[in-house]
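Here is a short note on the structure shown below. Please read the points in order, with the model open beside you.

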Amino acid sequence: MKKKSSFQVFCVIGKSGSGKGTQVELLKKKLGKTHHIVNGDLFRAFIKSNHPFAARIGKIVNSGGLPPAWFSAYLWESELIRFTGPKIKTAIFEGTPRRIWEAELLDEIAYFMFGLKPIAIYLDISDKEAKKRLLRRLICKKCKQPVPYKLIEKNPKTCSFCGGAIIKRKDDDEGSIKKRLVWYKTEVLPTIEYYRKQKRLVSINGEQDVSAVFAELWGKLKKKI
Ligand SMILES: [Zn+2]
């Protein structure tokens, strides 16, 4: 008989500006022994590496294209293989999966490795709220961390994490935000439905303040784990 795994895999998904990074940090503190996986960071690290294949992936990603499915799978698998062990009990994917085929792929990987399928945590905010947040958003040029909302009004010049310069992302303008929201509706919403149908979705009102979002998240997640 197959032993039930004590390992857990969570995916935190939601529009840009929904506060995924902040909530993942809170969840990590609560759970301990977690490994945090940010898809964009994995791609960026690979593109920067000296691997002969890096330039090709860079070209695809930087032109807004999609790398092959097996390549995303390779990055996720290597993270899980390298970092899960006795010291890690939970893997948290931030901003992944976005499309249904990615969700199916991640299901297959998690099921093979840990005998389970991931639970998705969805931070739900309206288009209007996403737009409002993204138009104000500032990030660090060096470490890419967003400036916490409480600090934005103080108009900081340097990053409180690494001291890097604070900038506005080039694509945080009305036109690009609108495009991203349309993309979200066609590509990501069906994925959220995929999790909902399989009763693996924890849906949270992401428009509350940070601590209220986390209270709702933790309250609902506890019942699933
Ligand atoms: Zn920084």
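**Notes on the predicted model**

1. Start with helix α4, whose buried residues are Ser72, Leu75, Trp76 and Leu80. They cover an arc of only 125° around the axis, so they sit on the same side of α4. The arc is that of the directions from the helix axis to the C-beta atoms. A residue counts as buried if 20 or more other C-beta atoms lie within 10 Å of its own, as exposed if 12 or fewer do, and as partly exposed in between, with C-beta atoms placed from the backbone. On the other side of α4, the exposed residues are Trp70, Ser78, Ile81 and Arg82.

2. What do the buried residues of α4 pack against? They pack against β2 (34-38), α2 (39-48), β3 (90-94) and α5 (100-114). Two residues are in contact if their C-beta atoms, placed from the backbone, lie within 7 Å. The 15 residues of α4 (residues 69-83) should span 21 Å at 1.5 Å a residue, and the end C-alpha atoms are 21 Å apart, which agrees. The expected span is 1.5 Å times one less than the number of residues.

3. Some background on the model. This is a predicted model, in which local features need pLDDT of at least 70, side-chain atom pairs count only at pLDDT 80 or more, and totals for chains, interfaces and linings use all residues. Residues are numbered from 1 along each chain as its sequence is written.

4. The protein has nine helices and seven strands. Helices (H or I, at least four residues) and strands (E, at least two) are DSSP runs, numbered from the N terminus. Of the 225 residues, 26% count as buried.

5. In which order do the five strands of the open sheet come? The order is β2-β3-β1-β4-β7, and the pairing is parallel. Two strands pair if DSSP finds at least two bridges between them. β2 and β7 (201-205) are the edge strands, each pairing on one side only. The twist averages 20° from one strand to the next.

6. Strand β1 (residues 8-13) has five of its six residues buried, so it is largely enclosed by the rest of the structure. β1 pairs with β3 in the parallel sense over five bridges, and phenylalanine 10 stands opposite isoleucine 92 in β3. β1 also pairs with β4 in the parallel sense, over four bridges. The bridge partner of isoleucine 13 in β4 is tyrosine 122.

7. Strand β4 (residues 119-124) is joined to β7 by five bridges, and the two run parallel. Alanine 120 stands opposite leucine 201 in β7. Helix α9 (residues 210-222) packs on the sheet, touching β4 and β7, and its direction makes about 160° with that of β7. Axes are lines fitted to C-alpha atoms, for helices over the stretch in contact, and angles run from 0 to 180 degrees between N-to-C directions.

8. The buried residues of α9 are Val213, Phe214 and Leu217. Seen down the axis of α9, these buried residues fall within an arc of 95°, so they line one face of the helix. The face turned away from the buried side carries the exposed residues Ser211, Ala212, Gly219 and Lys222. What covers the buried residues of α9 includes α1 (20-31), β4 and β7.

9. In the loop between β3 and α5 lies proline 97, and the peptide bond from threonine 96 to proline 97 is cis, with omega near -5°. Asparagine 155 has a positive phi of about 50° although it is not a glycine, and its place is in the loop between α7 (149-152) and β6 (166-167). Lysine 199, found in the loop between α8 and β7, has a positive phi of about 55° and is not a glycine either.

10. Are asparagine 155 and lysine 199 buried or exposed? Asparagine 155 is exposed, with 9 other C-beta atoms within 10 Å. Lysine 199 is exposed, with 8 other C-beta atoms within 10 Å.
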